[in-house]
Amino acid sequence: DDSPMITEIKILEKKTDKLIQQIALECQLWGLNNIMVDDYNFDGIEDFSVFESSYAGPNTSRLYFLYNPTTGKYFESSFSGTSLQFNSKTKRISEHNQCCAGRSVITAEYKVVNNKMVLIKQTCMEYDDKTGDYKKVKCD
């Protein structure tokens, strides 16, 4: 595969260019939004994420690095899911995953407890050719 990859993130002190932290990883190079800054665990401190991969349709994944104020370093969180969205007002994470040209859609909502995603609710739907609409199905 000849796709450009990101293999490392270096965190530098802005005033001195001193290397603070170096993180090895393997992610697709996505362009301007490859690295994003946000408060992913809703603790009031900015974290960052790196675009990981693109899948079928609109599905994407990112790696989430949370800041540990005790150590002054970032650590890779266990946050995972497809096309995650973070809502700082509700302090919830939503996931939207579709497959099979949109015939199957899974949505989920999570809260963050001790820097871990905890599932609150999940809805699975499949397109019904007879009705021309989605119907809820049991999630696997």
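**Strands, rings and a disulfide**

Author: Strand 5 (residues 60–68) and strand 6 run antiparallel and are joined by 4 bridges. Two strands pair if DSSP finds at least two bridges between them. The model is predicted: local features need pLDDT of at least 70, side-chain atom pairs count only at pLDDT 80 or more, and totals for chains, interfaces and linings use all residues. Residues are numbered from 1 along each chain as its sequence is written, and side-chain values use heavy atoms, with hydrogens and water left out.

Reader: Which residue stands opposite Y74 in strand 6?

Author: That residue is Y67.

Reader: And what is the order of the strands in the open sheet?

Author: The order is 3-4-5-6, with 4 strands and antiparallel pairing. Strand 3 (35–38) and strand 6 (73–76) stand at the edges with a single partner strand each, so one side of each has no neighbour in the sheet. From one strand to the next, the twist averages 30 degrees, where axes are lines fitted to C-alpha atoms, for helices over the stretch in contact, and angles run from 0 to 180 degrees between N-to-C directions.

Reader: How many helices and strands are there in the chain?

Author: There are 0 helices and 11 strands. Both are DSSP runs numbered from the N terminus: helices are H or I with at least four residues, strands E with at least two.

Reader: Turning to aromatics, how many pairs does the count come to?

Author: The count is 10 aromatic pairs. Rings of Phe, Tyr and Trp (its six-membered ring) pair if their centres lie within 6.5 Å; planes under 30 degrees apart count as stacked, over 60 as edge-to-face and the rest as tilted. One of the pairs is F48 with F65: the ring centres are 4.9 Å apart and the planes at 15 degrees, so this pair is stacked. F48 belongs to strand 4 (residues 47–54) and F65 to strand 5, 17 residues apart, and the pair links distant parts of the chain.

Reader: Are F48 and F65 buried or exposed?

Author: F48 and F65 are both buried. Buried means under 20% relative accessible area, exposed over 50%, and partly exposed in between (1.4 Å probe, protein chains only). The rings of F79 and F86 are also stacked, because their centres are 6.3 Å apart and their planes at 25 degrees.

Reader: Which cysteines does the disulfide join?

Author: C124 is joined to C139, with an S to S distance of 1.9 Å; a disulfide here is a pair of cysteine sulfur atoms within 2.5 Å. C124 lies in strand 10 (residues 116–128) and C139 in the segment after strand 11 (133–137), so the pair ties together parts that are 15 residues apart in sequence. The torsion about the S-S bond is about 120 degrees, so the disulfide is right-handed.

Reader: How buried is C124?

Author: C124 has a relative accessible area of 7% and is buried, whereas C139, at 22%, is partly exposed.

Reader: One last topic: where does R103 lie?

Author: R103 is in the loop between strand 8 (92–99) and strand 9 (104–113). Its relative accessibility is 36%, so R103 counts as partly exposed. Leaving aside neighbours within four places in sequence, R103 is in contact (heavy atoms within 4.5 Å) with M125, E126, Y127, D129 and Y134.
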